[in-house]
Structures are given as structure tokens and as C-alpha cells.
Amino acid sequence: MSANALPPIDLKRRFSVMRVRELTIRALLLGCALVSVLTTAGIIYVLVTEALIAIPPEKAFFQEVSPVEFFTGTQWTPQYQDKHFGILPLLAGTFLVAGIAAVIGLPIGLAGSIYLSEYASRRTRNLIKPILEILAGIPTVVFGYFALVFITPYVLRPIFQGWLGFEVNIFNAASAGFVVAIMIIPIVTSLSEEALRSVPQALREAAYALGSTKYQVSAKVVVPAALSGILASFLLAISRAVGETMAVAIAAGQSPTMTLNPFQSVETMTAFIVNVSFGDKPQGSLEWKSLFAVAITLFVMTLAMNVISQMIMRRFREVYQ
Amino acid sequence: MNAASTNVPSASVPPPSVRPTESTQDVLHVRRRPALSRWFERGFEWTCAASTWFGLGVLVVLLIGVLWQGAGWLTWSFLTNYDSRHPENAGVIAGLWGSFWLVSLATLLTVPIGVGAAIFLEEYQTKGWLRTLIEVNLSNLAGVPSIVYGILGMAVFVKMFGVFQHDPQLLELSLGFTSVEIPLPFGRTVLSGAMTLALLMLPVVIVASREALRAIPPSIRHASYALGATHWQTIRHVVLPVAVPGIVTGVILAVARAAGETAPLLMIGAAIFLARTPGGIESPADVFRHPHGLLEAPFDHFTALPIQIYNWVSRPEPEYRHVAAAAILVLLAVLQVFNVTASIARARSRSRARW
């Protein structure tokens with residue numbers, strides 16, 4: 001154990017094998033971290049060069065079709081001889097499906113999160129959480145099958161066609177909206193529950209001390225206190241509903257019509273993108289490029305919702321921590 | 001209540017009034033709640049409970065429905081047959097092997113990059129604009145619809161920005177004992193699909209790995225530094241081994257998600273109808289009979305289990321509904337294996353924690 005046995009260490013040496021190795025590893029790890037930044041850059045580059053500004057010999061979609069026509073046109077017929085590129089029917093289809101999903105999914109998800117955070121015992125919570133995880137992990141193509149094979153023929157048709165006399169198309173926005181609602185419920189429930197549980201216990205105790213009932217505490221104190229977190233989860237869920245592809249492509253159909261009738265066949269933006277990529281459209285044709293114009297619209301919409309949701313969440317975190 | 005009232009100095013308490021004031025009436029009112037309000041209380045609780053169980057109810061209905069539709073169709077030959085024009089002969093072997101290759105390659109690609117990125121963010125760049133940039137970017141990527149990743153994969157991997165549009169190349173890579181032919185651009189191959197799925201899995205893997213790293217107390221690292229270890233030695237031999245179970249859990253969950261993805265693979269150009277497995281490998285024994293197939297598989301055309309389901313669901317013939325249901329049962333069984341493995345890994349990582 002004598003100190004003389006060890007070779008002297010020069011603490012001031014700047015270039016050693018070890019230091020070079022450390023720096024190389026650091027650079028490699030930085031490279032790994034930058035892959036995600038490159039992914040974003042790649043997405044933006046591809047969408048912008050095909051839709052907005054192309055490299056000169058090529059022409060981007062918006063250099064051939066005016067953005068005014070694109071955003072105000074009410075006809076979407078890229079596959080016909082008489083081509084019209086008005087995105088409004090696709091937007092209407094998207095919002096119809098996402099709207100139905102929101103009307104069903106958001107209240108159920110919120111009520112579920114109130115139950116889990118305010119009423120449920122620990123045992124119940126430990127039972128329900130894995131079930132929600134399973135529900136969130138079911139592939140969307142399975143939900144599409146469920147909507148087409150079960151919801152429309154066994155739920156929608158007997159009720160709305162048999163009793164109420166509506167005409168229910170086999171492809172319809174309602175069945176797609178319903179299964180998208182099932183998909184967003186786990187998102188809303190788990191994120192809202194997190195928001196509700198981070199409301200300080202003192203607020204609840206204060207409300208009870210004033211003689212409030214459990215309902216009053218939950219609905220009039222805890223929910224308002226967690227409102228920003230709940231709103232953030234709602235936005236995230238709607239953004240997921242707008243970007244949802246397979247269930248909607250299977251169940252909602254492929255007819256771009258401007259309608260608010262939930263029992264008619266519609267086409268969403270995502271369903272159009274899938275359908276175009278299906279048929280072998282020649283690269284460089286206007287129809288091919290319209291895919292990117294729709295995709296950039298979708299990307300900007302979902303991105304905006306996500307960014308706003310994150311901003312709300314960040315503000316909300318500042319309040320209680 | 002007694003403790004509270006004794007704390008109040010008696011001098012500051014106003015003399016109790018004889019007549020009940022408005023406020024004491026309010027208190028009495030709260031104490032004797034009318035029946036209607038009690039029912040409302042209970043109704044609210046039941047509504048919330050019902051909403052929570054609603055998801056479970058739908059899950060049960062879905063599973064029973066799929067079982068009922070697919071029951072007689074899930075046979076051994078269904079697992080070993082290729083797709084067919086006759087529903088009774090259709091099978092999932094091409095989709096199973098396709099999904100296997102896609103998910104395995106995607107995992108091989110995404111795990112080193114994802115864990116590396118997590119280490120960089122948690123152990124090296126713990127503050128500064130670069131970290132903020134990467135973090136903001138990651139949280140935005142997690143919200144990008146999967147079909148947009150499909151468009152990226154199509155432009156970058158399948159078509160390579162159209163650079164080789166007019167003269168596709170066949171790059172021959174010699175490995176000494178054998179050689180591989182790599183098509184440029186990659187085209188509609190397993191490799192293109194796997195790389196796209198890898199990008200899709202990346203944010204999930206990074207987030208899970210960061211959480212696993214963050215759960216390790218700094219004192220462990222300090223102990224390692226105090227013994228003279230360098231930064232990387234500390235990470236490699238002290239931090240990473242402890243973080244592995246957490247990372248594995250996250251990776252398995254990401255894999256389960258990737259195995260069910262359909263939309264990006266459709267964009268990449270997965271084949272709808274294919275009577276071939278990647279590399280011609282139909283069973284593990286084929287690997288020994290035809291080892292070169294392992295090198296051919298990444299550059300082969302492919303289909304995947306969810307793609308086959310999508311194809312069968314969209315067929316007009318009602319028999320294909322049953323075929324689709326049987327394939328869904330296979331897919332859900334595979335995903336359940338992943339989920340159970342993940343929860344075992346999670347339980348292990350919790351019981352192993354020693355601090």
C-alpha cells in the first residue's frame with residue numbers, strides 16, 4: 001500500500017488517450033441526440049419542397065395550384081379529368097370525425113379521471129390503470145375493423161336506421177368517430193388524472209372544512225384548479241384524433257363530401273393520404289403532390305395543437321410546484 | 001374542533017346572538033341535506049365510475065366479437081399459409097415474418113441511438129440551449145401523426161429524394177465470404193420500413209431511457225468519480241447496468257407500438273398481396289438451409305401483419321371478415337406477449353432497486 005508503487009499522475013496533462021476517448025464518445029452521443037432533430041428537419045424539408053417551394057426545375061404544389069383555391073375550394077377531385085383541389089371537404093370530414101370523437105371521448109375521459117383521482121380506492125386504481133394501458137396499446141387497424149364489422153351493423157343501423165329512420169351508410173363518420181373516441185379516452189383519463197392529483201390536498205381539505213360535499217369538492221374546487229392540465233390533455237387528444245389514420249380510412253370511407261351528416265361516408269385528410277399512396281400515382285404528378293399539400297396542412301394543425309397544449313401544461317406546472 | 005376553538009382568544013369572539021342569523025341558517029342547511037342532493041351526489045359518483053369502466057366494457061365487447069368472428073378460422077394452416085384468393089386458404093405467414101423482420105431491424109437501429117441520446121441529455125448536456133432545442137423537438141415529434149413519418153420514410157428511404165430516379169444503382173458490398181447487393185434507393189424494402197419504424201419508436205425509447213437514468217441517485221455517480229473513474233467509465237460500468245431494466249421496459253413498449261403500426265408501412269409501400277417471406281426464410285430451420293437469406297431479407301419486399309388485416313377488412317367478400325378476425329387474434333396475442341414481458345421487466349426493475 002505504499003504510495004511509491006504507483007506511477008506519478010500528471011494532473012495537468014491535456015492530451016491523453018483517455019481524454020480523446022471521452023471526447024469521441026461525447027461526440028457520438030451528441031450525434032445520437034441530433035438524429036431526432038434531423039427527423040424533424042427531414043419532415044419539414046420534404047413537406048416544404050413538395051408543397052410550398054421546390055428546387056427550380058421542379059414545381060411545388062402551391063406553385064401550380066393557388067393557395068386561395070386550395071383553402072377555399074369546396075370540391076376535392078384530384079383523380080378526375082376535371083381536377084379540383086379544394087381541401088374544405090377533407091377538412092370537414094376530419095373535423096366531423098374528430099368532433100364526434102371529442103363529444104364522446106372527452107367527457108367520458110374526464111369523468112373517468114375524476115373517479116380515479118377523487119373516488120377510487122388504490123386497489124381499483126391499480127386494477128383500472130393496466131386496462132387503460134391495454135386499451136391504448138390496441139392497434140388502430142383493429143379499431144377500424146371493430147367500427148366496420150360491429151359498430152355500424154350491430155349498433156348504428158338498428159338504432160338510427162331501424163328506430164329513428166336515418167339512412168346509415170356502411171361507411172360513415174359516426175362509427176369512425178366512436179372508435180376514435182375509444183382511442184382518446186385513455187389519453188384524456190391518464191393525463192387529466194395526473195393534473196387532478198397534483199392539485200394540493202390542502203385545497204380539498206379547505207373545501208371540506210367549509211362543509212362541501214364530495215361532488216362539490218371534485219367538480220367545483222379540484223377540477224377548476226386543474227383546468228389548464230385538463231385542457232392540455234383535451235388538446236392533445238383532439239390532435240391525436242385529427243392525426244388518426246387507419247381506423248378512419250377503414251370505417252369513414254373515401255368520398256370527400258362536405259356534409260355534417262354523421263351517417264354519410266366522408267374522407268378525412270389522413271384517409272386521403274393513405275389512398276393516394278395506395279394507387280401507383282406517378283411521382284411528380286399534381287395528384288401526387290396534392291398528398292404533400294394535405295400532409296403539410298395536417299402537420300401544421302397537429303403541431304399547433306401540441307405546442308399550445310405544452311404551453312398550457314408548462315404554465316400549469318409553475319402554479320403548484 | 002375543540003383544539004381550534006381554544007386557540008381563539010375569547011376576547012375577540014363576538015357575543016353569540018340570540019336569533020339565528022342568515023349564516024347559521026346556511027350551516028344548518030348544509031348539515032341537513034335534502035334527499036335530492038344526496039341522490040345527485042351518488043349519481044355523480046356512479047357516472048364517473050361508469051365512465052371509467054366504459055373503456056373496459058368496450059374492450060370486452062371487442063375481444064368477444066373478434067373471438068366470435070375468428071374462432072373457427074384460426075387454425076395451424078392459417079399460421080403457415082400465404083395469402084390466397086380463396087378465404088379458406090388464406091394465411092399470415094408472410095405478414096408474421098414481415099413484421100418480425102421489420103420490428104427486429106427497427107429495434108436494432110433505434111435502441112443504440114435512443115439510449116445514446118438519452119445518455120447525452122441526462123449525463124452530458126444537462127443544461128443549455130442545445131438541450132432545450134432537443135427537448136422541445138422531442139416533445140413535438142411525439143405528437144406527429146404516424147402517417148407523416150410514413151411520408152418522410154417514403155421520400156428519404158424509398159425514393160432517396162429522387163437522386164437515383166433515372167439510374168437506380170445496385171451497390172455490391174463484399175463481406176469476404178459472401179456479398180450483399182444493396183439497391184439504391186432502398187425502394188419498397190424491409191430496410192426502408194424498419195428505418196421508418198425506428199424513427200417512430202425513437203421518441204418513446206428516449207423518454208423511457210431518460211426516466212430510467214434519472215431514477216438513479218447522483219450519489220452512485222459521485223462514488224464512482226471519487227474512485228477515479230472517468231465520465232464514460234462511470235456511465236458504462238455504473239449507471240447503465242442499473243438502468244437496463246427500465247430501458248428494456250420502455251423498448252418493449254415501443255416495440256409493441258411499432259408492431260401494430262399500419263399507416264406508415266402503407267406509405268412505404270408494403271405489399272398488399274405477397275406470397276413470399278423476406279429472404280425466403282419460412283421457418284427458423286431455413287436459416288441453416290439457406291443462410292444467405294439472412295442477408296437478403298432486409299432488401300426484400302415485404303408485407304406485415306397489420307397490413308394483411310387492413311387488406312382483408314377492405315375486401316368486399318364477407319368471408320374475409322373472418323380471416324381478418326383470425327389475423328387480429330394473432331396480432332393481439334403477439335402484442336400481449338410483449339406487454340406481459342414489459343410488466344415483468346418493470347416489476348423486476350422495481351424489486352432490484354437497492355437504495
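This is a predicted model: local features need pLDDT of at least 70, side-chain atom pairs count only at pLDDT 80 or more; totals for chains, interfaces and linings use all residues.
The predictor assigns the complex an ipTM of 0.87 and a pTM of 0.86. Chain A has an average pLDDT of 87, and 92% of its residues score at least 70. Among the elements of chain A, mean confidence is lowest in H2(A), at 84, and highest in helix H4 of chain A (residues 88-119), at 94. For chain B the average pLDDT is 83, with 88% of the residues at 70 or above. A stretch to treat with some care is residues 1-13 of chain B, where pLDDT stays under 50. For that stretch the model has 1 contact beyond four places in sequence.

Turning to the place where the chains meet, 66 residues of chain A and 68 residues of chain B take part in the contact. On the chain A side, helix H1 (residues 17-51) of chain A supplies the largest share, with 17 residues.

Within chain A, the domain assignment gives domain 1, covering residues 20-64, and domain 2, covering residues 67-320. The C-alpha centres of these two domains of chain A are 29 Å apart. Where they touch, domain 1 of chain A contributes 7 residues and domain 2 of chain A contributes 9. On the domain 1 side, H1 and helix H2 (61-64) of chain A are the elements that give two or more residues. That side of domain 1 of chain A comprises 5 nonpolar and 2 charged residues, with no polar ones.

A residue worth a look in chain A is A:Phe70, which sits in helix H3 (residues 67-72) of chain A. A:Phe70 counts as buried because 21 other C-beta atoms lie within 10 Å, where 20 or more are needed. Leaving aside residues up to four places away in sequence, A:Phe70 touches A:Val65, A:Phe85, A:Gly86, A:Ile87 and A:Ala293. A:Arg21 is 49 residues from A:Phe70 along the chain, and the C-alpha atoms of the two are separated by 55 Å.

Two further features of chain A concern its helices. Helix H12 (residues 269-278) of chain A is mostly covered, with 8 of its 10 residues buried. The buried residues of H12(A) are A:Met269, A:Thr270, A:Ala271, A:Phe272, A:Ile273, A:Val274, A:Val276 and A:Ser277. Elsewhere, the axes of helix H8 (residues 201-209) of chain A and helix H9 (residues 214-225) of chain A come within 10 Å and cross at roughly 145 degrees. This crossing of H8(A) and H9(A) is right-handed. From H8(A), the residues at the contact are A:Leu203, A:Arg204, A:Ala207 and A:Tyr208, and they meet A:Gln216, A:Val217, A:Val221, A:Val222 and A:Ala225 of H9(A). By class, the contact of H8(A) with H9(A) has 7 nonpolar residues, 1 polar and 1 charged.

Chain B contains 15 helices and 2 strands. Of its 355 residues, 40% are buried. Among contacts in chain B between residues at least 6 apart in sequence, 78% link residues at least 24 apart. The domain assignment of chain B places domain 1 at 22-73 and domain 2 at 76-352. The centres of these domains of chain B, taken over C-alpha atoms, are separated by 40 Å. Their contact involves 5 residues of domain 1 of chain B and 8 residues of domain 2 of chain B. On the domain 1 side of chain B, 3 of the touching residues are nonpolar and 2 are polar, with no charged residues.

Helix H8 (residues 190-214) of chain B packs against helix H10 (residues 231-259) of chain B at an angle of about 145 degrees, with the axes 8 Å apart. The crossing of H8(B) and H10(B) is right-handed. Contributors from H8(B) include B:Leu197, B:Leu200, B:Met201 and B:Val204, while those from H10(B) include B:Val239, B:Ala243, B:Gly246 and B:Ile247. In this contact of H8(B) with H10(B), 15 residues are nonpolar, 4 are polar and 2 are charged.

Terms used:
Residues are numbered from 1 along each chain as its sequence is written. Chains are lettered from A and ligands numbered from 1 in the order in which they are written. pLDDT is the predictor's confidence in each residue, from 0 to 100. Two residues are in contact if their C-beta atoms, placed from the backbone, lie within 7 Å. Helices (H or I, at least four residues) and strands (E, at least two) are DSSP runs, numbered from the N terminus. Domain bounds come from an automatic or database domain assignment. Ala, Val, Leu, Ile, Met, Phe, Trp, Tyr, Cys and Pro count as nonpolar, Asp, Glu, Lys and Arg as charged, and the others, Gly among them, as polar. A residue is buried if 20 or more other C-beta atoms lie within 10 Å of its own, exposed if 12 or fewer, and partly exposed in between; C-beta atoms are placed from the backbone. Axes are lines fitted to C-alpha atoms, for helices over the stretch in contact, and angles run from 0 to 180 degrees between N-to-C directions. A crossing is left-handed if the near helix is turned anticlockwise from the far one by less than a right angle, and right-handed if clockwise.
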